[in-house]
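Good morning, and thank you for the time on today's agenda. I would ask you to look at the sequence and the structure together while I speak.

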Amino acid sequence: MSKKIVPIDYTSRDFDSIRKSLIEHAKRYYPTTYKDFNKAGFGSLMIDTVSYVGDVLSFYLDYQANESFLETAAEYQNVIKLSRGLGYNFNQSMSSYGLVDFIIKLPALNGVPDYRYLPTIKAGSQVSNDEGAVFTLLDDIRFLNGSVVVVTNVFGDGSPSHFGAKATGRVISGITKTITKPVDGFKKFLKVNVVDTNIAEILSVVDSEGNEYFEVDSLSQEIVYQPISNPSYDSTSNNDTSDLLRKVAVPRRFTVQHNRNVSTIQFGHGSPLPDISGSVLDPSKVVMRRHAKTYYSDSTFDPVRLTNNDKLGVAPANTSLTIRYRQNTQESVNASVMSVKNKVSVNVEFESETNLDQKVINQMVSAMEVSNPEPITGDISLPTVEEIKMRAKGAFSSQSRAVTDLDYVNMVYSMPGKFGAIKRCAIFKDRDSFKRNLNLYVVSQNDKSHLSETGRVVKSNLRTYLNDARMINDTVDILDAFIYNFGVNYDIVIRRDASSHEAISNANRRLRSLFANKMDIGEPIYMGNIYSELKKVPQILDVTNLTIINKNGIGYSRNSFSVSDNTSPDGRVVNVPIKFGIFELKYPDRDIKGTVI
């Protein structure tokens, strides 16, 4: 009679199951040679060691398998990398935009402003707030004769001595830095790392020969749009624009991937030298055509010819790259109203400066004041892992075009961080419009990570970004969502052996965790979720009362609502008063109050 073969179980993965399988294996196949199963024996030590190693290997095997797929990945950086495969390129260092007023004291001449001293604040000037967040001026600011001026100082006889003039300009968070990277011989898909913290944007890449490389969304993109000044621009016309767009072929191009402390610039695999191996028989493909000539005499290589191939752009070789990038000086680069008041480096120019009094100029520059009339927004708290996963799937499905409502939402969240970011958004059909008008409601965060209205500059960037993606017959209005602040009051019964302070502390911590992530626009408050979190506290026997409180007034949103009017008949849900409103538990430490009864 043949001996029955018992199959070996290879599915053991944890310490206990691996140890048990090893002992069974030893007893079955080595019954006479291995008998040391005493827990204090050396044989048991070896079995425990092998079981421990197997347990650790199983853990890392599971970890690697889980982190290889977007659905199961848990590590933040891995989720970001996997989301890039779906077209969602997320940068953890976002930019904020806003408006800054520059105020000068203009000297008087015969009782009227001396307009010869009206200056120009040059782009690149830097201002900051007291927290150290630096903001850079994007455009030149010109104080023109039409500037609004008011009397600020007078002589003893009452005649004006100085006038105040104000001009406004756009600013962006961060400072500009420049580094040089040497590049050796030709290498396909060359990667260059820029190592620094809080890199928000790569501004330019130029090699030592003066060739400029342009950033594109993907290396297959051969055309970019560049703004050029509109010579017929009229600032009084609402239908005109200061810039015109032109198409530019970019054989030299690159993509950027921003990680935590490094930004990776990747080029294509085309050689900067002409490929003469297969085209030398056709000179028209390697030399420039001379207009009105029947022959070719100029041997200069036209780099535009490189766009007519599958090389995905030209990679630099045997050169050095000068890379300019913008770096945020703080983790949070939002600023509250009137908080930007420090001059870091302001470049001021005067027309015909040689004909002016230098002492007066120095006094004007030193006395110049800056302030921001509205919040500078665009930076938001980092989205959670689950939010990034959902946005990556949405970016993949939208394919950079907006057809459905969800496409618009996905496009808003996919806007590159260098243009600013939106914390929450929702889009609704405008029922009062006879056209295909859509109302896009957005909300941002301020420097304290509280919900706030979105700044005008970020809205302008968002409008420009959506313009290329929207349907041609869609019109989109970008509006501010209504913010409603609330608080939570609760009464609990605790165990006899429990501490009241400990019970309240644990309950508050649970509720702070529940509302840590900002709610969505239109999302109601579910009372059942609050009850569930409170009953998970070990010290609590019962929750006898739970109340939502409207919070408004100083420090809160100016919008108020009636809790009773917006609570469902069964008391389970508190709805947002209007569909484009959003709830926020603004101050968890003081807006969550518990009582032991």
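This is a predicted model: local features need pLDDT of at least 70, side-chain atom pairs count only at pLDDT 80 or more; totals for chains, interfaces and linings use all residues.

Residues are numbered from 1 along each chain as its sequence is written, and side-chain values use heavy atoms, with hydrogens and water left out.

Let me begin with the chain. It has 10 helices and 30 strands; these are DSSP runs numbered from the N terminus, with helices being H or I of at least four residues and strands being E of at least two. Of its 597 residues, 42% count as buried. Here buried means under 20% relative accessible area, exposed means over 50%, and partly exposed lies in between, with a 1.4 Å probe and protein chains only. Accessible areas come from the Shrake-Rupley method with a 1.4 Å probe, and for residues only the protein chains shown count as cover.

Turning to contacts, meaning heavy atoms within 4.5 Å: among those in the chain with a separation of 6 or more, 71% are between residues 24 or more positions apart.

How many salt bridges does a search of the whole structure find? The search finds 24, where a salt bridge is a side-chain nitrogen of Lys or Arg within 4 Å of a carboxyl oxygen of Asp or Glu. One of them joins Asp 114 to Arg 116, with the closest N and O atoms 2.8 Å apart. Asp 114 is buried at 5% relative accessible area, whereas Arg 116 is partly exposed at 46%.

Glu 533 and Lys 536 form a further salt bridge, at 3.4 Å from N to O. Glu 533 is buried at 15%, and Lys 536 is partly exposed at 44%.

In the salt bridge of Arg 572 with Asp 570, the N to O distance is 3.8 Å. Arg 572 is exposed at 59%, and Asp 570 is exposed at 51%.

Lys 122, Asp 140 and Glu 349 are linked in a network of salt bridges.

Finally, the surface. Phe 42 lies in helix α2, which covers residues 42-66, and Phe 42 is exposed, with a relative accessible area of 59%. Together with Leu 45 and Met 46, Phe 42 forms a nonpolar patch with about 330 Å² of accessible area. Patches are made of residues with over 30% relative accessible area and no salt bridge; like charges are joined within 9 Å, and nonpolar side chains (Val, Leu, Ile, Met, Phe, Trp, Tyr) within 5 Å.
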